[in-house]
Amino acid sequence: MSIHNFGDISVVRVTEQWGPGFAPEVLYPDWDPKLLEQHRELMIPTCFDEAQNRFISSIHTWVLKTPRHVTLIDSCGGNYKDRPALPRFHQQNLPFLARLAEAGVTPEQVDYVCCTHLHVDHCGWNTQLRDGRWVPTFPNAKYVFSKAEHDHWSGPAGRSGFNAGVYEDSVLPVVASGQADIIDGNGEIGNGLVLHSTPGHSPGHVAIEVAGRGRRGLFSGDIMHQPLQVFRPDWNSTFCDDPEKARASRRWLLEYAADERATVFTAHFAGSSAGCVTRRGDLFDWCFA
């Protein structure tokens, strides 16, 4: 495991699954293969499988430890969830909790679970199946997500489409147990993290910032799915809810990360999944950390 340190704060990735995901033209409506050729050294073989013509995608949780708290950023797809529209996440049976234990964390030790948004692959381990019921996986944790995100998926949107059923089995049990901390807008949360409203990919998407001893980290969620979007921030994914807001949030993230020299902890990049953004005039560059 690669550990990133921010003074007395550490960040480590715990992977649920990794491998070929979407074909380029499926993930990006504006796909241009010339961009892949321009960045072959960065993308191949780490982030793109030429034989299968698919991006390589990592599904993981970031574990953030401070002297006082253990925080999980996003919680992957979860086990035994009914996801027929997305076969990759349908009825999984993966040893995620064992991998979390390898990182030195038991479910009882988790203080916060922060979801950048409530899509299928970011909140699945919020709950687990026990005696036929969905119950919170982390019994002592506060689960943090934005009000706009909660309100959207608790309504009709949560009952149809690719994200159908996610609110019911992965969010509602947390709300019912009294463990939800629903935040409206930007601001600090109790464990020293800062939420930045970054709507577009989903209505209430947030980026999460951590700072320590002069260093900053940004957990970017699905503002970007692959490194190529650093070079083409106008590219949205097929799953972006509001195209213009998604582009604005992506531009903000890249500018902020470059100006503050922040390490960006992505949700789906392969390789180390973390890296740094630099400016090239009006353009941006990416380097894995």
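**Exercise 1.** Determine how the side chains of Lys147 and Asp151 meet in this predicted model, and where the two residues lie.

Solution. Step 1: the N to O distance between the two side chains is 2.7 Å. Step 2: a salt bridge requires a Lys or Arg side-chain nitrogen within 4 Å of an Asp or Glu carboxyl oxygen, so the pair Lys147 and Asp151 qualifies. Step 3: helix α5 (residues 147–153) holds both Lys147 and Asp151, which are four residues apart, about one turn of the helix. Step 4: Lys147 has a relative accessible area of 35% and is partly exposed; Asp151, at 38%, is also partly exposed.

**Exercise 2.** Classify Arg216 and Glu209 as buried, partly exposed or exposed.

Solution. Step 1: a salt bridge joins the side chains of Arg216 and Glu209, at 2.5 Å from N to O. Step 2: the relative accessible area of Arg216 is 29%, which makes Arg216 partly exposed. Step 3: Glu209 has 4% relative accessibility; the limit for buried is under 20%, so Glu209 is buried.

**Exercise 3.** How many salt bridges are counted, and which residues are linked in a network?

Solution. Step 1: the count is 11 salt bridges. Step 2: a network of salt bridges links Glu37, Arg40 and Glu50.

Definitions and conventions:
Residues are numbered from 1 along each chain as its sequence is written. This is a predicted model: local features need pLDDT of at least 70, side-chain atom pairs count only at pLDDT 80 or more; totals for chains, interfaces and linings use all residues. Side-chain values use heavy atoms; hydrogens and water are left out. Buried means under 20% relative accessible area, exposed over 50%, partly exposed in between (1.4 Å probe, protein chains only).
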